[in-house]
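Dear colleague,

I am handing over the structure below, together with an account of what was found in it. Please read the notes with the model open beside them.

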Amino acid sequence: METKNVLLVKYGEISLRKGNRAFFEHRLLDAIRKNLKGYGNIRVLREQGRFLIEDTTGDLNTEAVLPHIRKIFGIAGFCYAVKTSSRNIEELRTIGSKFFATQVVDSNAKTFRVETKRSDKNYPMTSTDISAVIGETIFNSELELAVDLHNPDITLWVEIRNDVYFYVNSENGEGGLPYGSSGKGVLLLSGGFDSPVAGYLTARRGVEIIAVYCHSPPFVSERAEDKVADLTRQLAKYTGGVKLCVVPFTDIQLFLKENVSDVKLTIFLKRAMLHVASRLAEKEKALCIITGDSIGQVASQTIHSLAAMESATQFPVLRPLAAMDKQSIIDIAVKIGTHDISIRPYEDCCTVFVAKHPENKPSTKAIEAIEARFFNELSSLIDSALKAAKYISN
């Protein structure tokens with residue numbers, strides 16, 4: 001009989017998939033294995049709707065393993081568990097009650113219950129009978145806990161699978177879908193709060209992120225580029241890696257400043273960025289563009305302005321923050337670790353060139369007509385900027 005500490009990994013909405021469930025499971029399994037590669041004698045297996053992480057030589061050091069996989073998208077939760085190959089109910093009674101005693105010590109629990117899930121229907125006892133046998137042992141132990149089947153302070157879970165597992169507590173994971181399982185998108189990334197959060201939320205839905213930053217020296221500091229690079233490094237903690245494309249944008253900005261009025265300049269700058277992102281998306285075989293726009297947050301993010309900007313691209317534009325207020329965005333930035341990077345006092349190009357009173361209800365047809373007058377020159381500048389772009393892998 002083998003008994004050892006392991007980690008059970010739960011996934012949420014992946015389990016609801018039907019024909020393509022195996023695809024999502026394999027993407028998540030590959031991500032876990034990649035993050036744990038070279039770490040001891042770790043083995044990661046599929047175990048009937050769960051993933052099992054174990055040390056082939058004995059007990060798993062869960063506290064050492066968790067930091068490597070805690071931020072992986074697609075994982076709903078982690079369970080610190082004991083695994084045993086025993087099928088004998090008397091042995092399971094002893095193993096379960098002993099494990100439970102170690103978990104209840106610092107819990108201040110007064111009531112408990114035992115809940116059994118019997119995936120192996122060939123096991124000779126029902127789930128209710130298994131729970132009753134193990135629960136009786138706990139009730140008669142020195143723990144002095146009362147039984148509460150409806151609202152207990154603590155629950156011992158028993159899962160009868162190929163092996164038998166006992167666990168008490170679950171730690172929440174990041175949820176979402178495995179990174180890269182939903183295709184690829186280009187993220188317009190600035191140094192503010194919004195776009196990194198938009199990138200995180202989109203990546204959480206399985207979209208692989210390629211970030212593009214429009215850099216405008218000498219109007220912005222080189223530290224602004226460092227700031228954006230640090231933001232991608234922080235996002236990479238969740239994705240496993242983010243490629244950043246830094247595009248020299250100064251000539252494009254100066255050209256637009258000379259050819260459009262100040263009140264319309266922000267709209268044309270954003271359209272130029274969408275042109276840049278579209279061409280990068282074509283090169284990278286991406287399927288969408290992602291922005292940090294939030295409706296009404298600033299003049300360039302009114303519905304009229306968003307419509308006038310979006311016509312610059314044929315790609316779908318994803319705006320995961322569209323209906324969120326600023327504080328909600330900042331709360332997520334704090335959670336994912338981008339907040340302290342975003343507050344560094346280095347402005348991006350949009351901030352430097354923004355008009356005091358930009359137009360907030362532009363006509364899409366009028367904007368398109370103006371751009372058509374100089375589009376050939378603008379297009380040539382965009383091509384040159386992309387040829388001069390540098391790539392940073394994080």
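In this predicted model, Lys326 and Asp194 form a salt bridge, and their closest N and O atoms are 2.9 Å apart. Lys326 belongs to helix 10 (residues 326-336) and Asp194 to helix 5, so the pair ties together parts that are 132 residues apart in sequence. The two partners may also be described by their accessibility. Lys326 is partly exposed, with a relative accessible area of 32%, whereas Asp194 has 10% relative accessibility and counts as buried.

Asp194 leads on to helix 5, which spans residues 194-204 and is mostly covered, with nine of its eleven residues buried. Besides Asp194, the buried residues of helix 5 include Ser195, Pro196, Val197, Ala198 and Gly199. Tyr200, Thr202 and Ala203 are also among them. Just after helix 5, Gly206 adopts a positive phi of about 95°.

Side chains of opposite charge can pair when their charged atoms come close. The count for this model comes to 26 salt bridges. One of them joins the side chains of Glu159 and Arg50, at 3.0 Å from N to O. Glu159 is part of strand 7 (residues 154-160) and Arg50 of strand 3 (residues 50-55), so this pair ties together parts that are 109 residues apart in sequence. Both Glu159 and Arg50 are buried.

A salt bridge is also found between the side chains of Arg279 and Asp383, at 2.6 Å from N to O. Because Arg279 lies in helix 8 and Asp383 in helix 13, the pair ties together parts that are 104 residues apart in sequence. Asp383 counts as partly exposed, at 35% relative accessibility.

Which residues have the most contacts inside the largest nonpolar core? They are Val212, Val247, Phe249, Ile252, Leu256 and Phe374, in a core of 38 residues. Among the elements that give two or more residues to this core are strand 9 (184-188), strand 10 (208-215), strand 11 (243-248), helix 7 (250-259) and helix 13 (364-387). Helix 8 (262-284) and helix 9 (303-310) also belong to that list. The largest share, eleven residues, comes from helix 8.

Val247 illustrates the contacts of a residue in this core. Leaving aside residues up to four places away in sequence, Val247 touches Val212, Tyr213, Cys214, His215, Val276, Ala385, Leu386 and Ala389. Apart from this core lies another, of 31 residues, which includes Leu235, Leu244, Ile329 and Ile332.

Finally, there is the packing of two helices. Such a pair is described by the angle between the axes and the distance between the axes. The axes of helix 7 and helix 8 come within 9 Å and cross at roughly 145°, and their crossing is right-handed. Helix 7 contributes Ile252, Gln253, Leu256 and Lys257 to the contact, while helix 8 contributes Asp262, Leu265, Phe268, Leu269 and Ala272. By class, the contact has six nonpolar, one polar and two charged residues. Ile252 and Leu256, both in this contact, are also among the residues with the most contacts inside the largest nonpolar core.

Yours sincerely

Note on methods:
Residues are numbered from 1 along each chain as its sequence is written. This is a predicted model: local features need pLDDT of at least 70, side-chain atom pairs count only at pLDDT 80 or more; totals for chains, interfaces and linings use all residues. Side-chain values use heavy atoms; hydrogens and water are left out. A nonpolar core is a set of buried Ala, Val, Leu, Ile, Met, Phe, Trp, Tyr and Cys residues joined through side-chain atoms within 4.5 Å. Buried means under 20% relative accessible area, exposed over 50%, partly exposed in between (1.4 Å probe, protein chains only). Helices (H or I, at least four residues) and strands (E, at least two) are DSSP runs, numbered from the N terminus. Contact means heavy atoms within 4.5 Å. Axes are lines fitted to C-alpha atoms, for helices over the stretch in contact, and angles run from 0 to 180 degrees between N-to-C directions. A crossing is left-handed if the near helix is turned anticlockwise from the far one by less than a right angle, and right-handed if clockwise. Ala, Val, Leu, Ile, Met, Phe, Trp, Tyr, Cys and Pro count as nonpolar, Asp, Glu, Lys and Arg as charged, and the others, Gly among them, as polar. A salt bridge is a side-chain nitrogen of Lys or Arg within 4 Å of a carboxyl oxygen of Asp or Glu.
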